[in-house]
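Subject: Handover of the two-chain model

Dear colleague,

I am passing the structure on to you with this message, and my notes on what was found in it follow below. Please read them with the structure open beside you.

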Amino acid sequence: MSRVIRKFTTRVPTWRPHITPVDFDQATPAQREALKETPSNTKISDYVLVLAHDPESLRIRTSLFNGIMYDKGGLSREERELGAVAASVVNRCIYCAAVHAQRYNNLTHDERVMQEIFFNGERADIDARQRAILKFGMRLSACPPQVTEDDIASLRGVGLGDQEILDLTLSTTLFGWANRLMHTLGEPVSGA
Amino acid sequence: MSHVLEMAAGVPSSGPLADALQMRGKLMELTQASYEAALLPEDAGKLPTHLRAVLACRMARICQQEGLTQHYSTLLAGYGDEADPHDLAVPGNTPPADDQRLAAIVGYVDLVTQRPRDASEETIDALRDAGMEEADIVRLAGLVAFINYQLRVAAVLSVMGEQQ
């Protein structure tokens, strides 16, 4: 019997759906169309097959997801992953936090930042720019969202311009979206 | 700019923020398309468009996002006087106790907007027990998740826009 994971980890768990995934062989043409592209171009997962119950939204969402996380220019790849993790920590989406912490680590080859964030949250002992990004992402992910002129100023203070602030906003809020699907429609479990 | 989000946030038509949005033009188009898929879908299932507008309005108010509260109030008004008989567009209001399905939907909206971390398998079971089909549960989850994204992007853009 697999066990539900409740603590942050960089070891990516298995995601167990609460909703029956669409059976690919029985999928409608609209569902198949929506499944042509997958988030981060990984294999068709149970998660995407659950979302395929609403193909109209899924098709657009996947393109948007990939664009926000991978399109060229603006904020660096790893800082977009940091925004994703900030939201996932607030929303306690263990699965999203694991996947995106691991991507961050693969990009930076520095595991200490994510360890700090998982242990200490907003008080993580990380460099000033990372801390400003984390704090912004966590405040933005609160309900109601916390964003003031001072929050924007603190990002400018560590060198982010309008483009980077927009990109950080998109990657953070995209995970407010993803967490609310991943963490409600299923749960992370140990083992395969 | 004809996109709901940028209009609601009052984004200036020129300057550094407008340039940044221009560079992410494709993503803002996809955001608009996601809005249409969530609020005005071709196949709404058993989650009708007027109810989607009610719930969106409720979430916008919970998140204190003025521009989108206004937008969703107008959208809702367009569905006529009978679209929200229990005034659920206002947070705190609850459906009549005998409408189990609507109560479960509103309960989900409030929990997943305010405290998504507290969602669990029981959250989905409550919807199923209230008679919702799985496809409609996914539609509802998609609507709530999208609106929470849109509200936060609007929150940042309106603060940045005011500074320019």
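Helices (H or I, at least four residues) and strands (E, at least two) are taken as DSSP runs and numbered from the N terminus. This is a predicted model, in which local features need pLDDT of at least 70 and side-chain atom pairs count only at pLDDT 80 or more, while totals for chains, interfaces and linings use all residues. Residues are numbered from 1 along each chain as its sequence is written, and chains are lettered from A and ligands numbered from 1 in the order in which they are written.

Most residues other than glycine have a negative phi, and most peptide bonds are trans. Arg92(A), in the loop between helix H4 (77-90) and helix H5 (94-108) of chain A, has a positive phi of about 50° although it is not a glycine. Arg92(A) counts as partly exposed because it has 18 C-beta neighbours inside 10 Å (20 or more other C-beta atoms within 10 Å make a residue buried, 12 or fewer exposed, and anything in between partly exposed, with C-beta atoms placed from the backbone). His109(A), likewise not a glycine, has a positive phi of about 55°; His109(A) sits in the loop between H5 and helix H6 (112-120) of chain A, and it is exposed, with 6 other C-beta atoms within 10 Å. The peptide bond from Cys143(A) to Pro144(A) is cis, with omega near -10°, and Pro144(A) belongs to the loop between helix H7 (128-141) and helix H8 (149-157) of chain A.

Next, the helix packing. The axes of H4(A) and H9(A) come within 8 Å and cross at roughly 40° (axes are lines fitted to C-alpha atoms, for helices over the stretch in contact, and angles run from 0 to 180 degrees between N-to-C directions). That makes H4(A) oblique to H9(A), given that angles under 35 degrees count as roughly parallel, over 145 as roughly antiparallel, 65 to 115 as roughly perpendicular and the rest as oblique. H7(A) and helix H9 (residues 162-185) of chain A pack at an angle of about 45°, with their axes 10 Å apart, and are therefore oblique to each other as well. In H7(A), Ile133(A), Phe136(A), Gly137(A), Leu140(A) and Ser141(A) meet Leu168(A), Thr172(A), Thr173(A) and Gly176(A) of H9(A), where contact requires C-beta atoms, placed from the backbone, to lie within 7 Å.

As for the two chains together, 49 residues of chain B are in contact with 44 residues of chain A. H8(B) gives the most to the side of chain B that touches chain A, with 19 residues. By class, that side of chain B has 31 nonpolar, 9 polar and 9 charged residues (Ala, Val, Leu, Ile, Met, Phe, Trp, Tyr, Cys and Pro count as nonpolar, Asp, Glu, Lys and Arg as charged, and the others, Gly among them, as polar).

With kind regards
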